[in-house]
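Hi,

Here is the structure I said I'd pass on. Have a look at it first, and my notes follow below.

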Amino acid sequence: MIRFFAAPIAVIALLTASAGGALAEEYDTRDIMGGGPNFFRGGVNPIPRTTVMYNGNYAPGTIVVNTAERRLYLVLQNGQALRYGIGVGRDGFRWGGVHKITAKKEWPDWTPPSQMIARRPDLPRHMKGGIENPLGARAMYLGSTLYRIHGSNEPETIGQAVSSGCFRMTNDDVTDLYGRVSVGTTVVVLNN
């Protein structure tokens with residue numbers, strides 16, 4: 001039985017190693033049987049983050065959310081930005097404006113707002129932070145709104161319009177962004 005599993009795993013390991021560093025960074029053969037670094041976040045990011053040229057007139061450190069593109073940009077120096085894939089609000093729940101990050105939380109608890117409970121009475125009234133929590137690994141709260149930039153326990157929704165107005169990221173990406181920004185960071189939401 002062990003020989004039956006050994007050959008396919010060896011082939012995958014060989015392919016991963018020969019594909020170069022980029023694939024090896026995104027995929028861990030331990031994920032096949034569980035326990036690898038992607039086990040809890042659902043595998044490889046559907047929209048990998050990347051550094052891009054960025055022509056917006058925003059100061060470095062500004063977060064720009066483009067709901068039409070379903071991308072979030074962290075503006076860097078020298079006309080560049082770090083681009084992340086995000087999930088956005090579904091029809092009727094997209095919005096725009098300028099806010100500041102007013103709080104940051106690791107593995108946040110989730111209490112659905114009353115408006116969401118009215119639409120979905122089946123939702124829990126409160127959920128402790130953790131891997132099953134819809135807010136994921138990190139959350140950044142936007143001004144006095146009900147909205148957040150947060151992780152997700154549903155990475156397959158990245159690039160989709162399915163939320164109630166929040167911006168979803170993979171847990172890996174939201175953890176990366178969380179470490180790069182602080183309370184007071186300006187967030188510009190473009191809803192074109």
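**What I found**

The chain forms an open sheet of 9 strands with mixed pairing, in the order β1-β4-β3-β2-β11-β6-β7-β8-β10. At the edges sit β1 (50–53) and β10 (167–168), each of which pairs on one side only. Before you go further, bear in mind that this is a predicted model.

Inside the sheet I looked at one pair of strands. β6 (residues 97–106) and β7 (residues 138–142) run antiparallel, with 5 bridges joining them. Within that pairing, Lys104 stands opposite Met140 in β7.

Strand β7 also holds Arg138. Is Arg138 buried or exposed? Its relative accessibility is 13%, so Arg138 counts as buried, given that the cut-off for buried is under 20%. Leaving out residues up to four places away in sequence, Arg138 touches Lys105, Glu106, Trp107, Pro108, Ile149, His150, Gly151, Val174, Thr175 and Tyr178.

The other residue I'd point you to is Asp173, which lies in helix α4 (residues 171–180). Asp173 has a relative accessibility of 1%, so it counts as buried too. What does its side chain pair with in a polar contact? The partner is the side chain of Arg49, at 2.5 Å. Arg49 also turns up among the residues that Asp173 touches, along with Asn45, Ile47, Tyr84 and Gly85, again not counting residues up to four places away in sequence.

Over to you!

Cheers

Key: Residues numbered from 1 in each chain as written. Predicted model: local features only at pLDDT ≥ 70, side-chain atom pairs only at ≥ 80, totals over all residues. Heavy atoms only, no water. Pairing = 2+ DSSP bridges. Helix = DSSP H or I, 4+ residues; strand = E, 2+ residues; numbered from the N terminus. Buried < 20%, exposed > 50% of the residue type's maximum accessible area, 1.4 Å probe, protein only. Contact = heavy atoms within 4.5 Å. Polar contact = N/O pair within 3.5 Å; in protein donor to acceptor, adjacent residues only side chain to side chain.
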